[in-house]
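Please read it alongside the sequence and the coordinates.

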Amino acid sequence: MALRLIFLGPPGVGKGTQAKKVAADHSIPHISTGDILRAEVAAGTDLGRQAKQHMDSGGLVPDDLVVAMVARRLEQDDCRDGYLLDGFPRTMGQATALEAELARTGGAIDRVLYFRAPDDVLIRRLSGRRTCPDCGAGYHVEAMPPKVEGICDRCSAKLIQRDDDQPDTIRNRLDVYKAQTQELIDYYRAAGLLVEIDSTGSVDEIARAVVRALEP
Ligand code: AP5
């Protein structure tokens with residue numbers, strides 16, 4: 001049976017870290033709108049050029065661009081048996097558009113996992129994040145350091161810090177989340193889909209809570 005999941009929560013809470021594992025365990029694609037947008041920026045596409053200014057400031061990319069991008073992705077064959085949406089929807093407009101898309105194709109969201117942690121934890125996680133530009137592996141300078149400082153364990157590429165993980169942009173991303181995304185929590189709670197995950201613990205502790213949240 002198809003499994004359609006949404007991972008919701010503030011920047012840096014660890015959605016992407018957990019999403020990679022869940023998607024692999026359930027053999028469903030991990031669809032991160034942030035990752036897709038960064039790939040568009042790197043490739044210098046029209047969408048990437050339009051998205052870049054919003055991403056650099058920590059704001060949201062306009063709904064019409066993101067909704068069209070996700071609709072194209074969901075039409076691909078690998079989404080037939082479900083998917084994990086990470087970082088989408090992020091506004092009520094995006095949630096409504098997703099509902100319309102699901103109604104058109106006859107599917108439904110099974111569960112929305114809401115990852116939560118206080119701001120000081122989020123800021124620590126974002127400031128210490130390092131990413132491999134080649135294979136996409138994620139690290140943290142304290143919590144999940146690579147074996148050799150600054151070098152990817154998997155492919156030996158030089159790790160980078162995301163442009164939007166600078167202090168001013170982090171602060172803006174947290175404000176934007178509170179202003180535009182937090183209302184989705186009530187929306188999905190009212191729909192009976194929301195499961196809250198305390199995300200202050202270690203990666204393994206959170207992974208165990210996620211497994212429990214996805215039990216039938
Ligand atoms: P996006 O890439 O989606 O960023 P985000 O939502 O801000 O989330 P992050 O990727 O920063 O955090 P995460 O929760 O995945 O944490 P992670 O697992 O990496 O979006 C970027 C931008 O794109 C947006 O600002 C916007 O401009 C645009 N955008 C994207 N989607 C959009 C949409 N739908 N609409 C409009 N615009 C959109 O973990 C963070 C760090 O913590 C890592 O270093 C990790 O190793 C570490 N870590 C993880 N778990 C733990 C733990 N338990 N303990 C200690 N460290 C941990």
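In this predicted model, a polar side-chain atom of Arg125 lies 3.4 Å from a nitrogen atom of the ligand, a polar contact being a pair of N or O atoms within 3.5 Å. The model is a prediction in which local features need pLDDT of at least 70 and side-chain atom pairs count only at pLDDT 80 or more, while totals for chains, interfaces and linings use all residues. Residues are numbered from 1 along each chain as its sequence is written, and side-chain values use heavy atoms, with hydrogens and water left out.

- A polar side-chain atom of Thr17 lies 2.6 Å from an oxygen atom of the ligand, and a polar backbone atom of Gly201 is 2.9 Å from a ligand nitrogen atom.
- The ligand taken alone exposes 1,000 Å², of which the protein buries 94%, with accessible areas from the Shrake-Rupley method and a 1.4 Å probe.
- Thr17, Gly59, Arg90, Arg129 and Arg173 come nearest among the 35 residues around the ligand, where a residue is near if one of its heavy atoms lies within 4 Å.
- The largest share of this shell, 4 residues, comes from α2, helices being DSSP runs of H or I with at least four residues and strands runs of E with at least two, numbered from the N terminus.
- By class, the shell has 15 nonpolar, 12 polar and 8 charged residues; Ala, Val, Leu, Ile, Met, Phe, Trp, Tyr, Cys and Pro count as nonpolar, Asp, Glu, Lys and Arg as charged, and the others, Gly among them, as polar.

**Nonpolar cores**

- In the largest nonpolar core, which has 29 residues, Leu74, Leu85, Leu98, Val112 and Tyr188 touch the most other members; such a core is a set of buried Ala, Val, Leu, Ile, Met, Phe, Trp, Tyr and Cys residues joined through side-chain atoms within 4.5 Å, and buried means under 20% relative accessible area with a 1.4 Å probe, protein chains only.
- Helix α4 supplies the largest share of this core, 5 residues.
- Beyond its neighbours within four places in sequence, Tyr188 is in contact (heavy atoms within 4.5 Å) with residues including Ile6, Leu98, Val112 and Leu194.
- A second, separate core of 22 residues includes Ala117, Leu122, Ile197 and Val210.

**Pro11**

- Pro11 is placed in the loop between β1 and α1 and is buried, with a relative accessible area of 9%.
- Leaving aside neighbours within four places in sequence, Pro11 is in contact with Leu122, Leu126, Arg173, Leu174 and Tyr177.

Methods:
Buried means under 20% relative accessible area, exposed over 50%, partly exposed in between (1.4 Å probe, protein chains only). A polar contact is a pair of N or O atoms within 3.5 Å; within protein, one must be able to donate a hydrogen and the other to accept it, and residues adjacent in sequence count only if both atoms are side-chain atoms.
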